[in-house]
Amino acid sequence: MDCDEFRVMQKIGQGRLYARQISPRKGAVKKSQKNKRWAAARRLTLACEVGVSGEESGAVAVRRTAASHLFVREQVGLVYELGLSWTKFIKIRRALGGGRSVLISRHELRKAKRVLSASPAKEVVVTSTGAHLANLAPAVLERVTALCDADQFVERFVYGRDHKPMRATYAGVPADFEPGARGGCPPPSVPDVHISVGLDKGGDPASVKIVVSLINQDQPKNPSNTILAAVCPCRQDQYPQVAAMMGIHSPRVEEPLARGIDVRGERRPVRLLLSGDFESQCTVVGHKGPNATMPCYQCKSTKAPSTTHATLEKRYGTLQDVSGPWHMRDADQYATCTEERANCGQEDHLSVT
Amino acid sequence: MSPHPRQIVPIPVHLTIGINSRLLRLAVEVVIDCCCQAAASAFAFVLAELLHAEARVHPVPYHGGLFIGRDCHAIGEHSDAVCAAPEKKLSGPNGESAEIAVRYSPAYKDAWCAWNRVRKVLNRATIATAAEATAFRSDAAMFVAGLKHSFGWLNVSPKLHLSLARAPDFLDEFGSIGLYGEQGLEAWHGRFGTMAPLYPSETDLASAAAFVRTMALAGDASPAVLDRLNPKRASAAEGRTRPPRPATRGCAPTSPRFPSATRR
């Protein structure tokens with residue numbers, strides 16, 4: 001132990017001996033001590049980086065370090081996310097110190113925007129049905145990669161009967177697992193990526209919007225955290241129109257389903273969920289809607305007791321039977337507008353409009 | 001694209017809006033059953049004014065002229081006032097309750113109580129606990145079965161059926177319904193309406209294309225990614241948080257937006 005002694009004589013003539021003892025700090029400290037240590041370390045680091053010392057390095061330099069992690073693509077994204085004009089951007093940049101600020105210049109920003117716009121994940125195609133993202137799979141992959149890099153990827157689970165996740169938090173994908181084997185419904189014991197695809201008509205002017213949400217993040221329902229896949233100006237969202245819109249996206253949604261998505265170096269299967277309002281969900285799966293004889297797209301119960309559909313009612317019950325049981329449909333009963341499917345009996349398929 | 005039937009999300013926002021509206025309509029139907037059509041029309045105005053005064057909500061031109069999701073939660077929080085309205089309407093001049101009102105009022109109150117419990121879990125964007133999931137199933141069953149038992153004319157609509165049969169299964173399987181809900185999708189309509197004028201063009205289609213291009217670029221600055229720059233504070237320890245302030249604090253009465261409840 002390193003000791004340093006010194007003696008102090010007081011006015012009353014009494015001497016006192018002090019011994020300085022250096023001992024290691026406590027391993028676990030509480031909040032205020034931790035904050036003080038962080039602040040001291042930050043001041044020390046910034047004084048070296050920025051070339052100023054002491055008090056001056058405080059607030060400004062802290063901001064510089066934090067913002068220096070704002071990548072160029074994120075600066076471009078922020079400008080468009082906030083709907084900033086170039087004039088506003090220049091004013092903000094000047095206020096933050098102009099060339100000394102961490103914001104890049106307008107010319108660099110425009111150049112970066114041109115490069116980003118040309119990337120496959122951001123390519124947009126315009127067809128007679130609407131404006132669509134040309135490549136959905138790279139857009140989803142880009143978002144997943146960004147979340148993983150920022151350490152913001154959140155695991156989502158499928159829960160069992162005891163309400164416990166059916167896999168361990170850090171479980172890996174088995175080496176021999178084929179991500180596309182189960183087409184959007186992988187086994188619950190395998191780590192997966194939850195993606196919901198939703199479609200809805202609304203707004204003024206009216207348009208159908210197709211939105212892809214990545215559930216493996218905090219606040220997946222924040223519109224800024226979702227991917228706008230298409231905007232299709234239209235007056236109606238009936239099956240023929242929606243089928244035409246989805247005709248562009250279905251192969252692109254099925255691409256990650258078949259291939260899987262790379263998450264931290266392992267290829268995970270995708271669990272596909274269908275979102276949207278009741279009407280659009282019915283339309284996407286090819287169901288006639290809430291006024292059909294079997295109004296629920298998930299089970300076969302009829303709407304209400306009637307003599308016409310007495311056989312169906314006897315077999316599957318009605319919605320008015322609140323005690324159940326309800327008979328779930330199979331995924332292969334959902335619409336693919338084939339002749340064979342259209343000739344099936346009512347209980348075997350969902351009548352395509 | 002054929003999603004598995006168990007992986008179709010039970011539309012929490014639309015369930016909330018639809019069932020909230022159904023419960024309000026039920027109050028009017030009770031008045032029709034006990035009094036007459038004319039009395040029910042007047043009562044509908046009284047109810048609308050009450051909702052504005054108590055819950056401070058008003059219908060919107062979209063969503064079919066119903067209330068937005070947030071307003072539905074506000075109405076649920078003030079369900080006591082909503083339950084008291086038909087009771088007051090059906091009571092006699094001296095405040096005595098009519099026999100028929102005595103029959104409906106407790107059932108109506110129970111329905112609101114059960115729905116409030118269901119509504120909160122339905123819309124919450126967090127993983128529910130095992131106890132919450134179990135309670136949700138029993139509350140949903142109690143809610144729909146109670147409605148069907150007490151109000152014989154009520155038809156179990158597809159939305160009520162979804163909340164009874166599909167939502168508990170989905171909650172059990174995925175741990176949350178609100179996380180998977182359609183709120184983000186609905187929000188895009190408002191965003192498009194606000195931002196589309198920034199991208200004027202000759203046609204709606206060209207304007208929409210400019211909007212999609214812009215939003216594709218904006219995706220790089222999504223809040224989920226930028227959250228890395230703002231590390232979250234740890235939650236306060238159990239019992240260290242201050243109790244919430246009373247809800248009535250700072251709510252000064254304002255002039256009513258609705259015309260007074262007079263009939264032409």
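Predicted model: local features only at pLDDT ≥ 70, side-chain atom pairs only at ≥ 80, totals over all residues.
**The contact between the chains.** The size of an interface is often given as the accessible area lost when the parts come together. Here, the area buried between chain B and chain A is about 7,400 Å², and carbon and sulfur atoms give 67% of that area.

**Polar pairs across the interface.** Next, display the side chains along the boundary. Between chain B and chain A there are 23 residue pairs in polar contact, both residues of each pair being at pLDDT 80 or more.

**The side of chain B.**

**The salt bridges.** A search over all chains of the structure finds 22 salt bridges, and the count between chain B and chain A is 3. Select A:E81 and B:R191, whose side chains meet in a salt bridge at 2.8 Å, N to O. Then select A:K122 and B:D220, whose side chains also form a salt bridge, at 3.4 Å, N to O. This pair joins two chains, because A:K122 lies in the loop between α5 (106-117) and β3 of chain A, while B:D220 lies in the loop between α9 and α10 of chain B.

**The sheet of chain A.** Hide the side chains and show chain A as a cartoon. Strands of a sheet pair through backbone hydrogen bonds, either parallel or antiparallel. In chain A, 6 strands form an open sheet with mixed pairing, in the order β3-β4-β7-β6-β5-β10. At the edges are β3 (124-126) and β10 (270-274) of chain A, each of which pairs on one side only. From one strand to the next, the twist averages 20°. Zoom in on strand β5 (residues 193-202) of chain A, which runs parallel to β10(A) and is joined to it by 5 bridges. There, A:H194 stands opposite A:R271 in β10(A).

**Helices of chain B on the sheet.** Finally, bring chain B back into view. Helix α8(B) packs on the sheet and touches β5, β6 (207-214) and β7 (226-233) of chain A. The direction of α8(B) makes about 130° with that of β6(A). Helix α9(B) lies across β3, β4 (131-133) and β7 of chain A, and runs at about 175° to β7(A).

Definitions and conventions:
Residues numbered from 1 in each chain as written. Chains lettered and ligands numbered in written order. Heavy atoms only, no water. Buried area = accessible area lost by both parts, 1.4 Å probe. Salt bridge = Lys/Arg side-chain N within 4 Å of Asp/Glu carboxyl O. Polar contact = N/O pair within 3.5 Å; in protein donor to acceptor, adjacent residues only side chain to side chain. Pairing = 2+ DSSP bridges. Helix = DSSP H or I, 4+ residues; strand = E, 2+ residues; numbered from the N terminus. Axes fitted to C-alpha atoms, helices over the stretch in contact; angles between N-to-C directions. Contact = heavy atoms within 4.5 Å.
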